[in-house]
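The exercises below are meant to be worked with the sequence and the coordinates side by side.

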Amino acid sequence: MKRFVWLWFAASSLALAGQVSTAETRPQYGGTLRIAIREEITSLDPGDSAQSDSVARRNVFGLIFETLVTVDDRGRVHPALATRWQAEPGNQRWQFEIRRGVKFHDGSELTPEVAAAALRASNPAWRVLAQGDFVVVECERADSELPAELALTHNSIARKNNGAKDGVAKISGTGPFRIETWQPGKYLTLAAEENHWRGRAFVDSIDIQMGKNFREQALELEGDKADVVEVAPEQVQRVIMAGQHVSSSQPVELLALVFADEPRNTDDKTIRSALAHSIERRSMRTVLLQGSGVPVASLLPNWMTGYGSAFSTDVELKRAREERTQVHDAPVLTVGYDANDSLARTLVERVALNAQDAGLTLRPLASTNTDLRLMRIPLASPDPWVSLENEAEVLDLAVPQTTGDSVEDLFAAEQALLAKQRVIPLLYLPTDWALSPAVGDWSVGADGSWRLDEVSMGKDRP
Amino acid sequence: MVIEMWQSIRLFLPMACRRSFLTLFLVLSFVGVLTASDWSDPARQLARKIAGVTGPGAVSITLENRSSLAKKDFDAVGGLLRIEMESLGLRAVAEEQAAASVHVTFSENPQFYVWVTEIRQGNADPTVAIVSLPRRDEIGVVHDSMPMSLRKIPLWAQESRILDVSVLDDDSAPQHIAVLDGERVAIYRQKNGKWQTEQNLAITHARPWPHDLRGLLIPAKDHLFDVYLPGVFCQTSVSVPLNLNCRESDDPWPLPNAAGAQPLRGFYAASRNFFTGALTPGVGSLTNVGKFYSAVAVPRTHYALWLFAGVDGQVHLADGVSEQSTKLDWGSDLVSVRTGCGVGWQVLATAADATNGDSLRAYEIADRDPAAVSVALDFSGEITALWPDVKYDSAIAVVRERERGEYEAFRVAVVCGE
């Protein structure tokens with residue numbers, strides 16, 4: 001059936017491509033963009049840490065809310081709700097001048113007081129206050145990466161109106177789209193903000209259907225009920241071969257085996273090293289992922305650092321076996337995965353087979369209470385330092401202090417984190433989207449972020 | 001340095017040859033921008049790091065290019081690295097004779113070239129040495145094989161969106177330019193081979209700009225220039241020091257008119273990216289052609305044929321007597337230039353298919369059907385603005401470079417007889 005769906009895509013997309021072959025190149029105003037995602041977003045509060053981080057969630061929040069600054073694909077910080085900023089000597093106290101004339105979707109004005117309150121709520125460890133036109137942030141320690149951290153979704157500037165009865169009115173942002181209708185976990189409709197400070201978006205509205213699996217999304221696209229849908233990584237090549245337009249980000253999601261604890265003794269370290277050396281990442285990519293993703297042995301992807309080749313992804317079975325023989329009583333290790341994640345299960349089973357070749361026993365379980373588990377960790381930011389710090393936080397590790405911020409320093413920090421043997425990186429996956437021919441000027445950032453205020457809908461659909 | 005060389009060479013050239021020679025000179029100069037000297041410092045650094053691990057002696061060296069470095073640069077860097085290593089007492093030998101094996105991967109990230117070296121000695125885990133250096137980009141050369149060809153000459157590049165560039169002097173090698181973006185008009189002057197900021201004139205506007213912002217710089221007779229932006233009109237002061245006075249305005253924009261036809265103006269939608277379609281005084285009795293993105297005039301014996309690139313994807317033709325709409329494989333932006341080639345004028349049009357970066361192509365229109373007279377000139381990103389140069393003998397194209405996101409303005413000229 002899947003095959004039929006994608007073949008149908010090929011035929012329909014060719015037909016539609018014919019209709020728009022003389023399309024103008026400048027973007028058009030108007031129309032509705034319909035998107036389907038798997039994620040079931042149940043809260044529109046960007047500071048709500050109860051929901052897991054994901055690229056899709058960040059993208060949805062980025063339509064409604066904005067941050068003081070943004071980070072581009074090269075990791076450079078740009079003004080957004082703050083027009084300029086500066087650090088006092090020592091990089092512990094920062095001042096951000098708040099942009100004037102920006103309004104929340106509820107009509108209230110963005111002020112330094114409101115921005116400070118939002119940042120205080122999401123960062124209890126910071127001292128944040130409003131001073132004149134500025135928001136002042138005092139960190140616990142020197143933080144040269146603070147501007148890039150402020151571009152993270154949880155640092156979005158949201159205005160909460162706790163007195164409002166309507167769920168939509170309870171929270172308000174300054175982003176290019178405002179909330180029209182909202183059914184938690186199911187449906188979200190956004191409308192273009194006419195007077196957005198960066199100019200009105202091209203499309204009039206965006207409909208987002210949530211909780212749709214890959215197959216349902218493919219059917220939505222096939223039935224012209226969606227314009228943009230997610231594509232499973234193992235399906236990407238097939239979809240492209242079928243002639244469908246697929247847009248992919250850089251590899252932005254780390255799949256890694258994460259140990260529950262630090263190694264307790266030398267035997268523990270040796271077993272972990274043997275497991276790491278036994279894994280055949282390349283066959284995972286070619287067979288299980290049908291060529292999608294990138295095998296990695298590093299925490300950050302090579303496109304971001306350039307030094308990925310320094311972390312070997314080669315399988316070293318002989319070395320793994322030698323390490324295994326150094327330990328008399330190797331324990332049976334339980335390895336967990338998300339029961340709803342079929343790819344995770346397949347990968348874990350493959351890891352168990354590889355481990356078996358090295359004389360190790362791994363028992364896959366659809367549970368989180370295991371010795372190690374397969375985790376998906378999305379890159380937090382195009383800034384490598386912010387991303388590494390975020391990964392360290394997810395892994396419950398402290399980021400090593402460095403003297404500088406060069407590529408060499410970043411390499412040393414990453415090497416030190418990996419040396420703790422809490423994580424075995426496996427693959428980095430991109431985010432992939434299949435698009436209907438009506439979608440124009442679609443682009444995604446290197447980190448998978450949508451740029452929907454730049455998207456326009458072709459004239460073949462109202 | 002390139003500019004200084006040009007200043008010397010041009011003294012010996014007849015006036016008539018200067019323009020053609022300048023084009024060739026600039027293209028050839030930029031091709032050779034990356035020289036061996038750019039790589040020698042990092043090559044030396046890396047050699048020292050390698051020698052610091054291995055000490056003097058016999059090593060095997062393998063090099064791998066996983067970056068955007070061109071082969072000639074990769075070869076140049078490899079050669080320099082070997083020389084530097086030899087000067088530190090490292091002898092390159094076959095792997096079986098080597099005390100250490102050195103594998104260098106030339107890689108990159110968005111901001112830096114990253115050279116990663118793995119040094120293996122015996123059975124020990126490899127030692128890694130890294131050197132990084134800021135990336136720079138080459139300017140490509142366009143090859144063609146048609147009756148005419150298009151040449152692009154870089155004028156200016158910056159991070160913020162360039163809306164238009166005006167060359168303020170008559171010299172074929174620009175010495176004085178004005179660059180319009182959404183916040184200012186910046187005037188630059190060439191001094192000792194480098195562009196120096198002469199003045200920044202701020203643009204004031206009360207309303208936010210629309211997406212896909214467009215703007216136009218028009219030289220004026222009694223003052224330096226006028227600026228047209230969506231809902232805003234600015235004018236430089238007559239006297240020095242130069243000021244830019246801006247006001248909200250829905251005055252129509254002058255439509256580029258290389259054909260010397262009756263001046264025509266079009267009303268621009270203040271919160272959108274197109275002309276509303278309303279014209280003044282009109283083409284004959286035609287005062288509204290529907291929304292359009294750009295317009296050009298093509299000369300006829302007694303009249304001008306106007307072409308409008310419509311928002312509906314069609315090209316509308318009007319000559320004051322009849323109107324016609326047609327679908328062409330053109331994009332949204334058109335410009336006409338007056339040249340010494342072919343029938344004396346050409347229309348430059350963007351291509352409709354912009355999936356792999358935009359391109360420009362020259363056309364001549366004998367009757368109503370355009371005929372391509374050049375191959376497509378490719379750009380490494382989307383063309384965000386296309387306007388005629390001041391004298392209508394070339395075009396100004398602004399491109400948003402796909403990888404870096406930077407805006408680059410080019411002067412695009414038609415070259416005859418190739």
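**Exercise 1. The contact between the chains**

How many residues does the contact take from chain A, and how many from chain B?

Solution. The model is a predicted one, and in it the contact draws 36 residues from chain A and 37 residues from chain B. On the side of chain A that touches chain B, helix H9 (302-305) and helix H13 (407-418) of chain A each supply at least two residues, and H9(A) gives the most, with 4 residues.

**Exercise 2. The overall form of chain A**

Describe chain A by its secondary structure, its dimensions and its burial.

Solution. Begin with the secondary structure of chain A, which comprises 13 helices and 23 strands. The radius of gyration of chain A is 23 Å, close to the 23 Å given by the globule rule for 462 residues, so chain A is as compact as a globular protein of that length. The C-alpha trace of chain A spans about 70 × 60 × 40 Å along its principal axes. Turning to burial, 48% of the 462 residues in chain A are buried. Finally, of the contacts in chain A between residues at least 6 apart in sequence, 69% join residues at least 24 apart.

**Exercise 3. Domains of chain A**

Solution. The domain assignment divides chain A into domain 1 (2-19 + 27-64 + 175-249 + 431-457), domain 2 (69-160) and domain 3 (253-429). The C-alpha centres of domain 1 of chain A and domain 2 of chain A are 29 Å apart, and the contact takes 11 residues from domain 1 of chain A and 11 residues from domain 2 of chain A. On the side of domain 1 of chain A that touches domain 2 of chain A, the largest share, 3 residues, comes from helix H2 (residues 55-64) of chain A. By class, the residues on that side of domain 1 of chain A are 4 nonpolar, 3 polar and 4 charged.

**Exercise 4. A helix pair**

Determine how helix H12 (residues 384-394) of chain A packs against H13(A).

Solution. Two packed helices are described by the angle between their axes and by the distance between those axes. For H12(A) and H13(A) the angle is about 10 degrees and the axes are 11 Å apart; since angles under 35 degrees count as roughly parallel, H12(A) and H13(A) are roughly parallel to each other. H12(A) contributes Pro384(A), Trp385(A), Leu388(A) and Ala392(A) to the contact, while H13(A) contributes Leu410(A), Ala413(A), Glu414(A) and Leu417(A). The residues of this contact of H12(A) with H13(A) comprise 7 nonpolar, no polar and 1 charged.

**Exercise 5. Backbone exceptions**

Solution. Most residues other than glycine have a negative phi, and most peptide bonds are trans. Gln421(A), although not a glycine, has a positive phi of about 55 degrees; Gln421(A) sits in the loop between H13 and strand S20 (423-429) of chain A and is partly exposed, with 18 other C-beta atoms within 10 Å. Tyr392(B), also not a glycine, has a positive phi of about 60 degrees; Tyr392(B) belongs to the loop between strand S28 (381-388) and strand S29 (395-401) of chain B and counts as partly exposed, with 18 C-beta neighbours inside 10 Å. The peptide bond joining Thr280(B) and Pro281(B) is cis, with omega about 0 degrees, and Pro281(B) is found in strand S17 (residues 275-283) of chain B.

Definitions and conventions
Residues numbered from 1 in each chain as written. Chains lettered and ligands numbered in written order. Predicted model: local features only at pLDDT ≥ 70, side-chain atom pairs only at ≥ 80, totals over all residues. Contact = placed C-beta atoms within 7 Å. Domains from an automatic or database assignment. Nonpolar A, V, L, I, M, F, W, Y, C, P; charged D, E, K, R; others polar. Axes fitted to C-alpha atoms, helices over the stretch in contact; angles between N-to-C directions. Parallel < 35°, antiparallel > 145°, perpendicular 65-115°, else oblique. Rg over C-alpha atoms; globule rule 2.2 N^0.38 Å. Buried ≥ 20, exposed ≤ 12 C-beta atoms within 10 Å, placed from the backbone.
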